[in-house]
Amino acid sequence: MIELNQYYTPESTSLALASMLDISNVRSCIELSAGEGALVGPLKASNKNIKFTTVDIDQSNSTKLANLYPNDVHICGDALDKNIGLKNDSFDLAICNPPFSYVDNSDKYSYLLTGKFGTLLSKNKRLRMEVLFILRNLQLLKPGGTLAVIVPDFILNSRPLLNFRRILFDRFELFNVVECGYGSFKKTEAKTYILFIKKVNKSKFSKVVPVISIVNGVLKKNSIDIENAIKTVEKVEPNSGYEIFRGCTSSKLCRESRRDFHHNYSGLENFSNVTYKVYSAELPKFKYAKFNDVLINRVGRSVGDTVILASSNVIVSDCVIVIRFHRASLREAFIENWTRDRADWIKLHVKGTCAKNISISSIKSYISTLGKVV
Ligand SMILES: C[S@@+](CC[C@H](N)C(=O)[O-])C[C@H]1O[C@@H](n2cnc3c(N)ncnc32)[C@H](O)[C@@H]1O
């Protein structure tokens, strides 16, 4: 059932998660979105004294778990519901493979979006479920407790969540990472990570976090410099290093020019080069994209689709945003990051229900996060 994101954890990943934890002193463990208990099994096998509390929204899962582990507590309900009967600061360990999806923001989540997290996220129209589950788990842990959470690549590496990571890892200690590689979860192509986070004040901890990669069955030791993952992004001055604008004429007027023009065509392959017939002189009253400009569909079903102009110039309609980079390094950074982030960024930033659209200012904000890197 894809709606509930019921992608259960494969045994190899559950074993990897359990093997990274020191559970000798753990007495209580919470698993939100517990599914059929894939994460519970290996922990039960190594420590019989842990009392588990599981939560799943699907009654058939809660019933299965109650039959399998009758001495533990199994709650059927929405794990993000504040009033589900769980006490804050009360568990030694939290394990979680949350739904990989978005949810519409509402007052219901305001109890999780406090302090800097609130300032950053409370005005967002949509929120990542993984983000909410991380915050909920941390709230439920005792001080000093550990959260082991499985997340998609987007949570650890994307630009849109960079400030979320900065606040999260400034406040809590990320002390281990397991990289599970693409295709670790059947039905999903997502590259996934297991993050091990301690509910402690982070300031005195190491900046380099060990990473174990399990890719195609091969195990490698690595590390990440957490400063890179969380560094305060230095804002690029608006319009420094690039220009951004949209066409100023409707497709109808563009057509009347009797010249080729670029519009929010669907079906063009993302990041492909597009070429148009070249005319010697530009017509007044139209806006033109030029060679190497990045063209992004501003509106419609194909909103956010992105191509590169490979001919010398072309008229653009008002349904297209043009980005003209003056610095090659900024252009490269944009293309590299946009290739990875685009689909998720669109889901977060698209406005309008009938005529879906994105704004120039939101793309400017995105470019500003490329900051110091370039
Ligand atoms: C990705 S599966 C993970 C299941 C299990 N933890 C595992 O690793 O195999 C996500 C689970 O979350 C449950 N779920 C989805 N939304 C939920 C919510 N708001 N509260 C509680 N459970 C939820 C689904 O029913 C599903 O069993």
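Visitor: What makes Ser28 count as buried or exposed?

Guide: This is a predicted model, where local features need pLDDT of at least 70, side-chain atom pairs count only at pLDDT 80 or more, and totals for chains, interfaces and linings use all residues. Residues are numbered from 1 along each chain as its sequence is written, and side-chain values use heavy atoms, with hydrogens and water left out. Buried means under 20% relative accessible area, exposed over 50%, and partly exposed in between, using a 1.4 Å probe and protein chains only. Ser28 has 14%, so Ser28 is buried.

Visitor: What does the side chain of Ser28 reach, and why is that called a polar contact?

Guide: The side chain of Ser28 reaches the backbone nitrogen of Asp92 at 3.0 Å. A polar contact is a pair of N or O atoms within 3.5 Å; within protein, one must be able to donate a hydrogen and the other to accept it, and residues adjacent in sequence count only if both atoms are side-chain atoms.

Visitor: Which atoms of the ligand sit at such distances from Ser33, Asp56 and Ala79?

Guide: A ligand nitrogen is 2.8 Å from a polar backbone atom of Ser33, and a ligand nitrogen is also 2.9 Å from a backbone N or O atom of Ala79. For Asp56, an N or O atom in the side chain is 2.7 Å from a ligand oxygen. The protein covers 97% of the 600 Å² of accessible area that the ligand has on its own (Shrake-Rupley method, 1.4 Å probe; for residues, only the protein chains shown count as cover).

Visitor: Why is the pair of Trp338 and Tyr366 called edge-to-face?

Guide: Rings of Phe, Tyr and Trp (its six-membered ring) pair if their centres lie within 6.5 Å; planes under 30 degrees apart count as stacked, over 60 as edge-to-face and the rest as tilted. Trp338 and Tyr366 are 5.1 Å apart centre to centre, with 65° between the planes, and that makes the pair edge-to-face. Trp338 lies in helix H10 and Tyr366 in helix H11, so the pair ties together parts that are 28 residues apart in sequence (helices are DSSP runs of H or I, at least four residues, numbered from the N terminus).

Visitor: How do you know that Trp338 counts as buried?

Guide: Trp338 has 0% relative accessibility, so Trp338 counts as buried. Tyr366, at 3%, counts as buried too.

Visitor: What makes the charged end of Arg128 sit over the ring of Tyr102?

Guide: The rule asks for NZ of Lys or CZ of Arg within 6 Å of the ring centre and within 35 degrees of the ring normal. The charged end of Arg128 sits over the Tyr102 ring, 4.5 Å from its centre.

Definitions and conventions
Helices (H or I, at least four residues) and strands (E, at least two) are DSSP runs, numbered from the N terminus.
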